[in-house]
Amino acid sequence: MLAAAPTHYENFPVASWLCPPRLRPPIAAIYAFARTADDIADEGDASPVQRLEDLRAFRADLAAAANGTAPSDQWPEVFGPLAHAIRGFALPETLLADLLSAFMQDIEKTRDGAGYADRTELLDYCRRSANPVGRLLLHLYGVDDASSLAQSDAVCSALQLINFWQDLSGDLPRGRFYLPHEDSRSHGLSVSAFRTFRPQGPTAPPPNAIALVASLVAWARLRSSARRSCTGCRDAPDGSCDSWSRAATASSTRSKRWVATLSRPARPSARPMRRCSCGGPCGCGDNRPHEEARTMTPEQYVQDKAAASGSSFYYAFLFLPKPRRAAITAFYAFCREIDDVVDEVTDPGVAATKLAWWRTEVAQSYAGQPQHPVMQALMPHAAAYGIEERQLHEVIEGCQMDLDQTRYLDFPALRRYCHLVAGVVGEGAARIFGQTEPQTTEYAHRLGLALQLTNIIRDVGEDALRGRIYLPVNELQQFDVKAHEILNRVHSDRFIALMKFQAARAHKAYDEALALLPPADRRMQKPGLMMASIYRTLLREIERDDFQVLHQRVSLTPVRKLWLAWQVQALGKL
C-alpha cells in the first residue's frame, strides 16, 4: 500500500516513471515522512515551542518504527508504511533522523532571527535537509560506492540551494534568511536591508541585490554540474536513475527567472534569435541551417524542443509507449515552433512571413517533401495516428490571430481562438494517445479549452507586457476593470472578482471534459488526464494566491508535475 502523501508543493521526485514498481511503496513512504515533518515545521499557526515538541514526538515514532516497536497513534498513515519500508529495505534510521534535525534547525533559526554565517554552514544544513533523500534512493537501488554518494550529495545540495533562491520572496517575509551573511556583506548588503526588497514592489531591489542572488544561483548550478549516471544499479543498469541531476538543471533555470523578476523591465526582451533550422526567413539575415540542427537527427531535435520548453505536457508524454511518445513529441514540437514565432519574433512582419513559410512547409510535407526537422520527425507518424494537414494549418491560423489582434470582444470570440490553439491540439493529441469512441474528440476539445483558459489566467501579466489582453472586453466592463489597469498590472478587488469569474469558467470546462470522456478510452487518454491534473492544480494555486498573476508567473515545480502525473498513471487519481 502506498503511503498517503500530502498533495501540495512537492520538492523532490517521488515514485516517478523511472522507479520500478517494487520501489514505489518505500519511496512513497519516505516522501510521506519527509512531507509530514516539513508540514509540522512550516504549516499552520503553531508556536515554535509546539512545533519543536511535535517534531520530538515525530522523532520518537521514527525510533519506534526503526526498532520494531509500536509508534504512537498520532501519524499512523506515515509510520505504518515507513515501518514496513524500514523492515523490507533496511532503510538507515540516521538518514531519516537527519531530515528531522534540519526541520528543527529551521524552527530555531526563524525563532531567533538567525541566518547562516557562510556557505559552509548553509551546506551543512543541506547535508541534513536534502542529501539524505538522495542517499535513501541510492540505498533502495543498491548503490553505495563513494563516487555515486558524492555525486548524489552534490546534486541534492544544489536542489536545496536552488529552492532557497527561487523561494526568497516567500521565505523573507516569514523571517527565514538563507542568503549567507558573508556573501551579503561582500555585495554591500545587510540582512535587514535585503528583507525590505520584494519582487512585487514597492521597493525595487538595487543591482547589488540582484548580483548577489545571481552569484548564488551560479554557485548552485556549479554544484549541480557534478552529474554522472551511477553504475552498478540493480534496477537501472543503464544509469537512468540519474533523475536528480536532470531535476537540478531544470530547477536552476527556474531560480534564474527569480533574478529576472527582481528588477522587472518594462517589457520583456525577446530571447536571442536562433538561426532558422529550416533555412527559411528568420529575420537574422542568414538563412543557413542552425548548426545544432545539422548535427542532430529530427528525432533528437524535437525531443530537445519539447524538453527545453519546460511545459507540463512534456511530463505527461513520458509515460507513453515509445511509438506514441515519439509521435506526440514531434506534434508538440511543431506547436512549440509555431507558438515561438509569435512570442519570440518582435517584428510582426517577420513573424507573419515565418508563419507563411510554415504554411508552405506543412503543405509540402504532406506532399512528401518535408524540410524542417520537426516535420521530418512528424510525418512518419501522421498517417498512423490520423494527424491531418487541416489540424496543423488551424494551429498556424490560431497563432496568426495573435499577430492580428490583441483583444477579444466577448467569450465566443475568445473561444474561437482557444479552439484553434488548444482544442485542435487536443484533438490531435487524443488520436495519438489512442481513441475508439467519437465522443473522445469532443472531450479533447473541451479539455483543450480548459487548459487554454488556465494558461490565459496564469499569463495575464506576461501578456500585458506584450500589449495583449485575452480577457473578454465585455467581461472587463462587467467587473469595471479598465484595460489600462491590466496593461499597467494594477491588482485590485475588482481584478480579483474578474479572475474568480474566469477561474470558475475554467473549472466548469474541466468538469465538462471529464464527464465527456468515454470509459472505454479513459486508460488510453491518461496523458490528457495528467495534463488536467497538473493544470487544474496550477489553477487552484493561483486561486489560493488571490490571483497574483500580474507581476509573476505562478508555476509548479518540475518534481511536483512528475508527482501529479504519476498519481494519474499509477493510481488513476485526479
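The protein contains 28 helices and zero strands, where helices (H or I, at least four residues) and strands (E, at least two) are DSSP runs numbered from the N terminus. The model is a predicted one, in which local features need pLDDT of at least 70 and side-chain atom pairs count only at pLDDT 80 or more, while totals for chains, interfaces and linings use all residues. Residues are numbered from 1 along each chain as its sequence is written, and side-chain values use heavy atoms, with hydrogens and water left out.

Of the 574 residues of the protein, 54% are buried; buried means under 20% relative accessible area, exposed over 50%, and partly exposed in between (1.4 Å probe, protein chains only). The accessible surface of the protein amounts to about 24000 Å², and carbon and sulfur atoms supply 53% of that area. These areas come from the Shrake-Rupley method with a 1.4 Å probe, and for residues only the protein chains shown count as cover. Among contacts (heavy atoms within 4.5 Å) with a separation of 6 or more, 71% join residues 24 or more positions apart.

Readers planning work with cysteines may like to look next at the sulfur atoms. A search of the whole structure returns zero disulfides, a disulfide being a pair of cysteine sulfur atoms within 2.5 Å.

Several helix pairs can be followed by eye in the model. Two packed helices are described by the angle between their axes and the distance between the axes. Here the axes are lines fitted to C-alpha atoms, for helices over the stretch in contact, and angles run from 0 to 180 degrees between N-to-C directions. Angles under 35 degrees count as roughly parallel, over 145 as roughly antiparallel, 65 to 115 as roughly perpendicular, and the rest as oblique.

Helix 4 (residues 93-112) packs with helix 5 (residues 119-129) at about 135°, and their axes are 7 Å apart. That angle makes helix 4 oblique to helix 5. On the helix 4 side, the residues that meet helix 5 are D98, L99, S101, A102, Q105, D106 and K109; on the helix 5 side they are E121, Y125, R127, R128 and S129.

In the pair formed by helix 16 (residues 322-344) and helix 17, the packing angle is about 155° and the axes are 9 Å apart. Helix 16 and helix 17 are therefore roughly antiparallel to each other. Helix 16 contributes F334, E337, I338 and V341 to the contact, and helix 17 contributes A351, K354, L355, W358 and V362.

Helix 20 (residues 411-433) and helix 21 (residues 439-458) have axes that come within 7 Å and cross at roughly 120°, so the two helices are oblique to each other. Helix 20 passes helix 21 in a right-handed crossing; a crossing is left-handed if the near helix is turned anticlockwise from the far one by less than a right angle, and right-handed if clockwise.

A90, in the loop between helix 3 (76-89) and helix 4, has a phi near 50°, a positive value in a residue other than glycine. A90 counts as exposed, at 54% relative accessibility. P370 sits in the loop between helix 17 (348-366) and helix 18 (373-385) and is partly exposed, at 25%. Leaving aside neighbours within four places in sequence, P370 is in contact with E361, Q364, S365, M375, Q376 and M379.

D480 is found in the loop between helix 23 (473-478) and helix 24 (483-487), where D480 is partly exposed with a relative accessible area of 40%. Apart from neighbours within four places in sequence, the contacts of D480 are E485 and R494. The C-alpha atoms of D480 and A497, 17 residues apart in sequence, are 9.9 Å apart in space.

D546 belongs to the loop between helix 27 (526-544) and helix 28 (558-571). Its phi is near 55°, again a positive value in a residue other than glycine, and D546 is partly exposed, at 40% relative accessible area. A separation of 9.5 Å lies between the C-alpha atoms of D546 and D493, although 53 residues divide the pair along the chain. D493 is part of helix 25 (residues 493-516) and counts as exposed, at 66%.
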